[in-house]
Amino acid sequence: MTHDHSHDHSAHFAAHNRSFAIAVVLNTLFVVIEAVYGVMAGSLALIADAGHNLSDVLGLIMAWAASWMAGRAATDARTYGLKKTTILAALFNALILIAAVGGITWEAVRRLADPADVAGLTVIGVAAIGVVINAITMLLFLKGQRGDINIRGAFLHMAADTAVSVGVVVSGTMLVLTGLAWIDPVVSLVIAAVIFIGTWQLLKDSLALATDAVPRGIDPAAVRARLEALPGVSSAHHLHIWALSTTENALTVHLVKPDPEGDDSLIREASAMLAEDFNIQHTTIQYERDHQQCPTGGGC
């Protein structure tokens, strides 16, 4: 049995520490501003968005902590380190956002039945600050989110918040022009819908990774076909693919290879192919000379 675990992602996790620090500071400041002026203005849209932004701050801290832990060295007790915390952080972030959607929706429906007076100009000014802060924060995670759902969770939060803040500016403007108090809870419902839509795929992806499903974007049939096409390999079975973290994937497989010649070079070739073509960095390959003698019996 041969292993290849030489790939190091600690630099990836460390690179986002500054982005998380800036994002947490900016968004904590904005939560305070938005909550205070939301109460003063009587705006549910501002208060709802402040609550959502508070959940974002907690989510950012959770994602930051997971990113930091994922970069820690492995130990004898935790042979893969704490990489899986990035998956758990993405899952908890999605659940927090879903809970926030429920709270915002409940209060918005209540306000529709009993609209309150809202200071439109205050809403516009505070939400405009939010547009700037959320856009800056979103850009901090723009690059890293493409290959890491933990970072994507942070990015989606900020992208949704940017859109939501723009929506609140619109609602404030409409309030000033029309004086219709029901506009504020309606915008709150739109906010809830935007958050839910942006969170649903994150929830599905993180839940799948947490339960060791094959990571999205990797086709097991294509992996098997490429392994069986390697020189000297007659078949591949007992194939398992799962995520170690939000950026690293692992694979174990049995390859039936009757001729032992070239075993070592084939391992290198297979590992390079899996890393480059399928984003699988940690491979464990077991050779078999006779498929009928597979040591794990029926599980092969």
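**Exercise 1.** Determine at what angle helix 8 and helix 9 pack, and which residues of the two helices meet.

*Solution.* Step 1: helix 8 covers residues 220-228 and helix 9 covers residues 263-278; helices (H or I, at least four residues) and strands (E, at least two) are DSSP runs, numbered from the N terminus. The model is predicted: local features need pLDDT of at least 70 and side-chain atom pairs count only at pLDDT 80 or more, while totals for chains, interfaces and linings use all residues. Residues are numbered from 1 along each chain as its sequence is written, and side-chain values use heavy atoms, with hydrogens and water left out.

Step 1: the axes of helix 8 and helix 9 are 11 Å apart and the packing angle is about 150 degrees. Axes are lines fitted to C-alpha atoms, for helices over the stretch in contact, and angles run from 0 to 180 degrees between N-to-C directions. Helix 8 is therefore roughly antiparallel to helix 9 (angles under 35 degrees count as roughly parallel, over 145 as roughly antiparallel, 65 to 115 as roughly perpendicular and the rest as oblique).

Step 2: Ala 222, Val 223, Arg 226 and Leu 227 of helix 8 meet Ala 270, Met 273, Leu 274, Asp 277 and Phe 278 of helix 9, contact meaning heavy atoms within 4.5 Å. This contact has 7 nonpolar, no polar and 2 charged residues (Ala, Val, Leu, Ile, Met, Phe, Trp, Tyr, Cys and Pro count as nonpolar, Asp, Glu, Lys and Arg as charged, and the others, Gly among them, as polar).

**Exercise 2.** Describe how helix 4 packs with helix 6 and with helix 7.

*Solution.* Step 1: the axes of helix 4 (residues 85-113) and helix 6 (residues 149-178) come within 8 Å and cross at roughly 25 degrees, so helix 4 and helix 6 are roughly parallel to each other. Their crossing is left-handed. Helix 4 contributes Thr 86, Ala 89, Ala 90, Asn 93 and Leu 97 to the contact, and helix 6 contributes Ile 149, Asn 150 and His 157. By class, these residues are 4 nonpolar, 4 polar and no charged.

Step 1: helix 4 packs with helix 7 (residues 183-210) at about 160 degrees, the axes being 8 Å apart. Helix 4 and helix 7 are therefore roughly antiparallel to each other. Helix 4 also passes helix 7 in a left-handed crossing. The contact of helix 4 with helix 7 has 24 nonpolar, 4 polar and 2 charged residues.

**Exercise 3.** State how strand 3 is joined to strand 2 and to strand 4, and how many of the residues of strand 3 are buried.

*Solution.* Step 1: strand 2 (residues 235-243) runs antiparallel to strand 3, joined by 7 bridges; two strands pair if DSSP finds at least two bridges between them. A hairpin of 5 residues connects strand 2 to strand 3, and Trp 242 stands opposite Ala 250 in strand 3.

Step 1: strand 3 and strand 4 (residues 282-288) run parallel, also with 7 bridges. Leu 251 stands opposite Thr 283 in strand 4.

Step 2: in strand 3 (residues 249-256), 7 of the 8 residues are buried, that is, under 20% relative accessible area, where exposed means over 50% and partly exposed lies in between (1.4 Å probe, protein chains only).

Technical notes: Left-handed = near helix turned anticlockwise from the far one by under 90°.
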